[in-house]
Amino acid sequence: MNRQRLAGLIRKEFLQIRRDPSAIAIAFLLPVVLLFLFGYGVSLNAEHVPIGVVVAQPSPQSSSLVAGLQQSRYFQPRFYTSIQEARKAMMQRQVDGILWLRGPFTRTLLRGDTAQVGVFVNGVDANNARLVEGYLQGVWQNWLEQRANASGTRLLVPIQAEARIWFNPSLRSRDYLVPGLIAVIMTLIGALLTALVVAREWERGTMEALMASPVSMGEILLGKLIPYFLLGMGGMLFSVALAIGLFAVPLRGNFFVLLFFSALFLLAALGMGLLISSVARNQFVAGQVAIIVTFLPAFILSGFIFDIQSMPAPIAFMTHIIPARYFVTILQTIFLAGDIWPLFLGNGLALLLMALFFLGLTWKRSRKRLD
Amino acid sequence: MFARILALVIKEFLALLRDKSSRAVLIGPPLIQLLVFGYGATFDLNHIPYAVYNQDSGFASRELLGHFQGTSAFHQTAIVHNEKQLATVINTQKALLVLHIGPQFTRDLLQHQPAPVQIIVDGRNSNTATLALNDVNSVLLAFDRSWADRYHWGNPPAQLDIRAWFNPNLLSRWFIVPGIVALLTLVVTLLVTGLSVAREREQGTFDQLLVTPLTPTEILIGKAIPGFVIGGLEAAFIALVAVFWFGVPLIGSLLALGLGLMLFLFAAIGIGLMISSLAVTQQQGLLGVFLFLVPAIILSGFATPIANMPSLVQDLTYLNPMRYFLVILRGVFLEGDSLGNLWTQYWPLAIIGLASMLAASWLFRHRLA
């Protein structure tokens with residue numbers, strides 16, 4: 001290993017990055033675009049859900065329930081005079097649900113029997129439908145309590161549930177999406193960028209020129225690794241700054257711990273990128289493979305949006321080969337919960353092994369050969 | 001003219017399929033992704049890991065815990081005996097939630113006093129936390145009902161009777177899998193078209209193409225057709241897998257789905273060619289594809305509802321062809337839509353396709369000059 005030769009290679013790489021600004025775009029523009037999109041565009045918190053309300057026989061009892069619905073920030077009631085009209089509105093996707101107070105509602109209620117209230121939700125978006133059901137139950141519970149209070153009694157139900165939500169009491173979905181997003185962004189920077197740059201050398205024939213020079217294969221690999229590592233860490237710091245500064249996501253853990261695990265993850269991502277490019281020696285194939293084996297799994301199978309616990313066992317098992325999975329767990333914990341070392345050690349060890357595996361395999365495969 | 005376009009189409013197909021690895025890239029990964037994502041992309045919770053912190057020694061708390069053990073939605077992973085252990089199981093994600101039953105639980109209940117139960121939830125994933133709390137509430141409600149019935153607490157004043165339309169069991173797979181048809185079709189189409197011009201520019205063969213008798217429009221058509229064929233075939237195949245493998249119902253009109261697919265491919269290819277004619281190198285082309293693809297997927301309603309976005313972002317989604325195709329797909333698959341009630345989705349797709357094709361052909365000529 002010759003330091004001067006290595007420095008020369010790194011300088012060459014930086015010159016190339018400067019000349020074709022698309023690398024800088026991937027490292028800095030992409031994080032901004034993605035963070036803005038996710039920070040502002042992706043939310044699992046439904047508000048102002050349009051809901052159709054049909055009251056067959058208006059009465060003080062029914063209006064107090066409807067008032068509860070109107071006051072809730074989760075709902076935006078629209079009134080229909082018949083269930084047929086409301087059904088039509090739901091078919092045309094104007095409302096996501098229907099609350100139907102049938103004719104005998106008030107009579108049954110006043111008689112002291114259990115009144116049935118019909119609720120229909122559009123189940124196409126199952127997750128949203130479940131959330132809407134939950135909000136509706138909340139409005140419902142409030143109404144029951146208010147009724148009991150108004151008549152001077154307490155609502156007599158056996159269990160009084162008190163929910164305590166740790167780490168994210170207001171359940172802002174942004175707080176869990178933005179940290180995980182850093183893993184997606186770094187996967188992109190690491191794998192996509194390196195996959196393309198090495199493949200480009202092969203495609204343009206400059207790899208042959210490099211091989212004809214006295215540099216060793218190890219130096220070539222390090223010469224690729226170091227510049228893109230620096231670029232990737234830059235992009236990562238930038239993303240963290242945006243997450244904290246712009247999106248007000250709390251960072252409860254230690255910043256240097258975050259930095260350490262990010263570096264570990266980036267090495268694994270860069271290793272994957274280098275491996276892809278050493279297998280696929282043209283940019284077209286390298287680019288597509290990079291998207292398919294790194295970006296999409298990091299997006300869907302890392303626990304970033306879809307909880308790994310919800311996946312069927314074989315798929316959940318498969319997620320163990322995706323480095324982003326470990327990093328997403330670390331990120332969500334370090335941002336929202338703090339430094340929880342038992343959790344970090346296992347996930348960090350997995351990242352380390354993957355980094356060693358990918359980099360080692362790349363090194364082993366890379367010989368000064370042209371075939 | 002047709003002979004010339006045909007020749008170009010054949011050449012494009014050869015360029016795409018000649019190489020074994022690029023052939024594999026176009027066919028293999030989408031199928032693997034379909035299976036992995038079809039199973040993996042789900043919001044439905046089952047086997048929620050929970051821990052029990054029970055300070056009550058009476059029979060009522062045992063009965064309540066029996067309700068939790070009896071449903072497949074919950075899976076007990078730990079028993080904790082103090083606050084410190086409680087913090088540990090949540091922190092290390094051994095349990096998503098802890099049920100804390102106080103020492104007076106059975107006594108309170110037997111004295112007709114409401115008895116508190118504390119549910120401590122890991123909020124790191126806010127969506128999972130919300131859904132898990134909903135599930136806990138429905139188990140508690142079932143316990144309430146049976147207890148109130150046996151110990152004469154009186155009838156509840158009213159009851160919600162909730163039914164879901166179109167997807168009665170609220171399987172999120174029924175929502176996600178039709179979306180994957182759009183997702184993978186868009187990815188494949190953009191990759192095929194987005195790099196096609198850039199690759200020729202980089203390899204210098206574009207100049208050769210220019211000196212042939214082909215007009216720029218003919219080149220454009222020739223570059224568009226492979227995307228159309230490959231994208232269409234993959235979409236049809238994925239739709240078949242959705243129905244026959246994942247068991248998603250397809251109750252609407254196939255004609256409506258076919259027309260939607262055609263228009264969507266038209267729009268996607270237009271955008272792909274637009275990106276491709278802007279790019280000078282393949283890296284730029286790929287970056288362009290990416291810069292379009294990622295927002296297009298995120299702001300389409302594929303995983304998270306458009307209605308939850310800020311209104312400015314919602315307006316932006318009207319430019320996204322995937323948004324319309326997702327409505328068409330889910331409408332035809334689950335809601336039984338036909339041609340008649342989807343025209344509001346068709347015409348924006350047609351306009352996006354036309355505009356991007358025109359822009360691509362303009363850029364094409366512009367860049368040539």
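Where in chain A does A:Ala248 lie? A:Ala248 sits in the loop that joins helix 9 (217–245) to helix 10 (255–279) of chain A.

This is a predicted model, in which local features need pLDDT of at least 70, side-chain atom pairs count only at pLDDT 80 or more, and totals for chains, interfaces and linings use all residues. Residues are numbered from 1 along each chain as its sequence is written, chains are lettered from A and ligands numbered from 1 in the order in which they are written, and side-chain values use heavy atoms, with hydrogens and water left out.

**View 1. Chain A as a whole.** Chain A has 14 helices and 5 strands. Helices (H or I, at least four residues) and strands (E, at least two) are DSSP runs, numbered from the N terminus. The radius of gyration of chain A is 28 Å, well over the 21 Å that the globule rule gives for 371 residues, so chain A is more spread out than a compact globule. That radius is taken over C-alpha atoms, and the globule rule is 2.2 Å times the number of residues to the power 0.38. Along the principal axes, the C-alpha atoms of chain A fill a box of roughly 95 × 45 × 40 Å. Of its 371 residues, 59% count as buried. Buried means under 20% relative accessible area, exposed over 50%, and partly exposed in between (1.4 Å probe, protein chains only). Among contacts in chain A with a separation of 6 or more, 77% join residues 24 or more positions apart. A contact means heavy atoms within 4.5 Å.

View 2. Domain bounds come from an automatic or database domain assignment. In chain A, domain 1 covers 3–42 + 172–365 and domain 2 covers 49–150. Their C-alpha centres are separated by 48 Å. In chain B, domain 1 covers 2–41 + 171–368 and domain 2 covers 48–150. Here the C-alpha centres lie 48 Å apart.

**View 3. Two positive phi values in chain A.** Most residues other than glycine have a negative phi, and most peptide bonds are trans. A:Ala248 has a positive phi, near 55°. A:His48 also has a positive phi, near 50°. A:His48 lies in the loop between helix 2 (22–41) and strand 1 of chain A. Its relative accessibility is 44%, so A:His48 counts as partly exposed.

**View 4. A:Ser173 and its contacts.** A:Ser173 belongs to helix 7 (residues 173–204) of chain A. With 1% relative accessibility, A:Ser173 counts as buried. Leaving out residues up to four places away in sequence, A:Ser173 touches A:Val42, A:Ser43, A:Leu44 and A:Asn45, and also B:Ser126.

**View 5. B:Glu218 and B:Met1.** B:Glu218 is part of helix 10 (residues 216–244) of chain B. At 4% relative accessibility, B:Glu218 counts as buried. B:Met1 is 217 residues away in sequence, but 7.8 Å away in space, C-alpha to C-alpha. Neighbours within four places aside, B:Glu218 is in contact with B:Met1, B:Arg4, B:Ile5, B:Leu8 and B:Pro213.

**View 6. The loop at B:Gly154.** B:Gly154 lies between helix 6 (126–150) and strand 5 (158–165) of chain B, in a loop. Its relative accessibility is 44%, so B:Gly154 counts as partly exposed. B:Leu259 is 105 residues away along the chain, and 57 Å separate the two C-alpha atoms.

**View 7. The second largest pocket.** This pocket holds about 1200 Å³ of space. Of its 42 lining residues, A:Arg93, A:Asp96, B:Ala307, B:Arg323 and B:Val327 are the closest to its centre. Elements giving two or more residues to the lining include strand 1 (49–55) and helix 6 (126–150) of chain A, and helix 15 (343–368) of chain B. Helix 14 of chain B gives the largest share, 7 residues. By class, the lining has 19 nonpolar, 15 polar and 8 charged residues. Ala, Val, Leu, Ile, Met, Phe, Trp, Tyr, Cys and Pro count as nonpolar, Asp, Glu, Lys and Arg as charged, and the others, Gly among them, as polar. On a 1 Å grid over the protein atoms alone, a pocket is an open set of points with protein on both sides within 12 Å along at least five of seven lines, while a cavity is a set where a 1.4 Å probe fits but cannot get out; lining residues have an atom within 4 Å of a point. Grid points are joined across faces, edges and corners, and a volume is the space filled by probe spheres set on the points.

**View 8. The largest cavity.** There are 8 cavities of 30 Å³ or more by this rule. The largest has a volume of about 60 Å³. From chain A, its lining takes A:Val42, A:Phe299 and A:Ile305. From chain B come B:Ile297, B:Ile298, B:Gly301, B:Phe302, B:Ala303 and B:Thr304. The lining has 7 nonpolar residues, 2 polar and no charged.
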